[in-house]
Amino acid sequence: MTNERLRRGMLRAGFDIASLAASAEVSEKSVERWIRGDVVPYPRTRYRVAAILQEDESYLWPQSVDRASLAGAELVATWPRRSDVPRHLWTELLRQAERNIDYLAFAGLFLTEEHPDWIPTLRARAEAGARVRLLIGDPDGRQLAYRDTEKEIGGGVAGRVAAVLAYYRPLAGLAEIRLHDTPLYNSIYRFDDEMLVNTHVYGILAAYTPVMHVRRVDGAYFNTYLESFERVWASARPLDGESQV
């Protein structure tokens, strides 16, 4: 039975049999057999082909993949506090991103204050063609006030938002910036198929709460947080009344 998912995935990604065979380092006959459904690639080859086509391995060959193992494979690392995340990881992931950079936080001021190369690198990635979407807390919304009350820090979050907006406003022509007024259960930092998720815990600053490093394999973790980001993005308002994209 023809593997339509593989065939359509090749078409979407711009591959024919010859070019996929060359990229995956297999024979053209092997690719033909995959498409016909005669055989399924070995696990290492399945992973390589899925990465080339930017599809989930379990989507291309659903009957041949252990979904529980894939879900576990998505969780790369965890840290009990954001301050425990290796300092270089934030900018390393940013520097490697080529397609999508998504950022959801109330402020996330630590990135601009603690990493001098964050803004120049973000600008460079946007100029190179990556889509950059920044979601920052709405200073006129209710959620920042609620967060301040929760932490009993007297307006501290709103002040950090004002500071971070001063860093990002010069990027408004390159990045899409929106202001959100949603209860924030996690801060999400996405770099193509890599993601750092900073969980929020009642009454505790985000710097002292856990972080997960997720890498999209099957999508069990990754897609949940990506869907959350998209929902907040759809409900947010553009910075300074700019038109939404």
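This is a predicted model: local features need pLDDT of at least 70, side-chain atom pairs count only at pLDDT 80 or more; totals for chains, interfaces and linings use all residues.
Phe 222, Tyr 225, Leu 226, Phe 229, Val 232 and Trp 233 are the buried residues of helix 12. Viewed down the helix axis, these buried residues fall within an arc of 125°, so they line one face of helix 12.

**Helix 12**
- Arg 231, Ala 234 and Ser 235 are exposed on the other side of helix 12.
- Helix 12 has 14 residues (222–235) and should span 20 Å at 1.5 Å a residue; the end C-alpha atoms are 21 Å apart, which agrees.
- An α-helix has 3.6 residues a turn, so residues three or four places apart point the same way.

**Salt bridges**
- The count of salt bridges comes to 16.
- Arg 133 and Glu 230 form one with an N to O distance of 2.8 Å. This pair links strand 3, which holds Arg 133, to helix 12, which holds Glu 230, across 97 residues.
- Arg 133 is buried at 3% relative accessibility, while Glu 230 is partly exposed at 32%.
- Glu 55 and Arg 12 meet at 2.7 Å, N to O. Glu 55 lies in the loop between helix 4 and helix 5 and Arg 12 in helix 1, so the pair ties together parts 43 residues apart in sequence.
- Arg 12 is exposed, at 54% relative accessibility.
- Arg 99, Asp 192, Asp 193 and Arg 216 are linked in a salt-bridge network.

**Surface patch**
- Val 201, Ile 204, Leu 205 and Tyr 208 form a nonpolar surface patch with about 330 Å² of accessible area together.
- Val 201 sits in the loop between strand 6 and strand 7 and is partly exposed, at 33% relative accessible area.

Technical notes:
Residues are numbered from 1 along each chain as its sequence is written. Side-chain values use heavy atoms; hydrogens and water are left out. Patches are made of residues with over 30% relative accessible area and no salt bridge: like charges are joined within 9 Å, nonpolar side chains (Val, Leu, Ile, Met, Phe, Trp, Tyr) within 5 Å. Accessible areas come from the Shrake-Rupley method with a 1.4 Å probe; for residues, only the protein chains shown count as cover. A salt bridge is a side-chain nitrogen of Lys or Arg within 4 Å of a carboxyl oxygen of Asp or Glu. Helices (H or I, at least four residues) and strands (E, at least two) are DSSP runs, numbered from the N terminus. Buried means under 20% relative accessible area, exposed over 50%, partly exposed in between (1.4 Å probe, protein chains only). The expected span of a helix is 1.5 Å times one less than its number of residues. The arc is that of the directions from the helix axis to the C-beta atoms.
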